[in-house]
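The entries below follow the order in which I checked things.

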Amino acid sequence: MVSKKRGKKPVDVEFRSEALAQALERQDMAAVALALRNGNTVVPLLKQGQRDNPLDAGEVWTYRDPATGDVALLLFSDAAHKPENLPSGIGLFSPDWLRRFLTVHAGTITTVFLDVAGPYPMQASPAELLRALDLGA
């Protein structure tokens with residue numbers, strides 16, 4: 001007879017930021033900044049982090065324009081807004097993570113797209129987002 005291990009139920013994580021979705025719908029940069037400062041953001045991952053290692057967040061996917069070499073970071077208010085042609089992995093990251101990531105990669109990332117495929121896309125520079133994130137620090 002095979003026994004089944006009883007463990008804790010996996011946590012049901014919602015990969016959505018309602019505040020960010022509403023701010024993007026209004027195209028309100030101040031509200032977007034507030035949502036990014038106070039909530040999590042959905043980020044596409046090239047490689048998922050190791051489940052048993054909380055320090056391994058995975059490998060963030062970025063887009064490099066083949067014509068110019070410019071690198072874009074894509075952020076989403078909802079996992080449902082991530083286009084199917086992007087890698088299937090996603091992560092839900094905090095404002096502190098976003099601040100650190102943008103700071104470390106400020107010399108590489110040229111633009112940040114929010115909900116790039118809609119329904120209400122916006123674009124900002126990493127410097128703009130860092131200023132918005134730092135206002136809450």
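Entry 1, the whole chain. Among contacts in the chain between residues at least 6 apart in sequence, what percentage join residues at least 24 apart? I found 66%. I note here that this is a predicted model. I counted 4 helices and 7 strands in the chain. Reading from the N terminus, I get the order α-α-β-β-β-β-β-α-β-β-α. The chain has 137 residues, and 39% of them are buried.

Entry 2, the sheet of 3 strands. I looked up the strand order and found β2-β1-β5, an open sheet with antiparallel pairing. Its edge strands are β2 (59–60) and β5, each of which pairs on one side only. I then went through the pairs. Strand β1, residues 41–47, is joined to β5 by 5 bridges, and the two run antiparallel. Within that pairing, Val42 has Leu92 of β5 as its bridge partner. On β1's pairing with β2, I found 2 bridges, again antiparallel. There, Lys47 stands opposite Glu59 of β2.

I also checked burial for β5, residues 89–93. Of its 5 residues, 4 are buried, so β5 is largely enclosed by the rest of the structure.

I looked at β6 (residues 109–114) against β7 and found antiparallel pairing over 3 bridges. The bridge partner of Val112 in β7 is Ala124.

Is Thr111 buried or exposed? Thr111 sits in strand β6. Its relative accessibility is 11%, and the cut-off for buried is under 20%, so Thr111 counts as buried. I listed what Thr111 touches, leaving out residues up to four places away in sequence: Val71, Ala72, Leu73, Gln123, Ala124 and Pro126. I also took the C-alpha separation of Thr111 and Asp70, which is 8.1 Å for two residues 41 apart along the chain.

Helix α1 covers residues 18–26 and helix α2 covers residues 29–38; their axes come within 8 Å and cross at roughly 165°. The two helices are therefore roughly antiparallel to each other. The crossing of α1 and α2 is left-handed. From α1, the contact takes in Ala19, Leu20, Ala23, Leu24 and Arg26, and from α2 it takes in Ala31, Val32, Ala35 and Leu36. By class I have 8 nonpolar residues, no polar ones and 1 charged.

At what angle do the axes of α2 and α4 cross? They cross at roughly 65° and come within 8 Å. This crossing is right-handed. On the α2 side I noted Met29, Ala33, Leu36 and Arg37, which meet Leu129, Ala132, Leu133 and Leu135 in α4. The contact has 7 nonpolar residues, no polar ones and 1 charged.

The axes of helix α3 (residues 95–104) and α4 come within 10 Å and cross at roughly 140°. That makes α3 oblique to α4. The crossing of α3 and α4 is left-handed. For the contact I listed Pro95, Leu98, Arg99, Leu102 and Thr103 of α3, with Pro126, Leu129, Leu130, Leu133 and Asp134 of α4. These divide into 7 nonpolar, 1 polar and 2 charged.

Definitions and conventions:
Residues numbered from 1 in each chain as written. Predicted model: local features only at pLDDT ≥ 70, side-chain atom pairs only at ≥ 80, totals over all residues. Heavy atoms only, no water. Axes fitted to C-alpha atoms, helices over the stretch in contact; angles between N-to-C directions. Parallel < 35°, antiparallel > 145°, perpendicular 65-115°, else oblique. Left-handed = near helix turned anticlockwise from the far one by under 90°. Contact = heavy atoms within 4.5 Å. Nonpolar A, V, L, I, M, F, W, Y, C, P; charged D, E, K, R; others polar. Pairing = 2+ DSSP bridges. Buried < 20%, exposed > 50% of the residue type's maximum accessible area, 1.4 Å probe, protein only.
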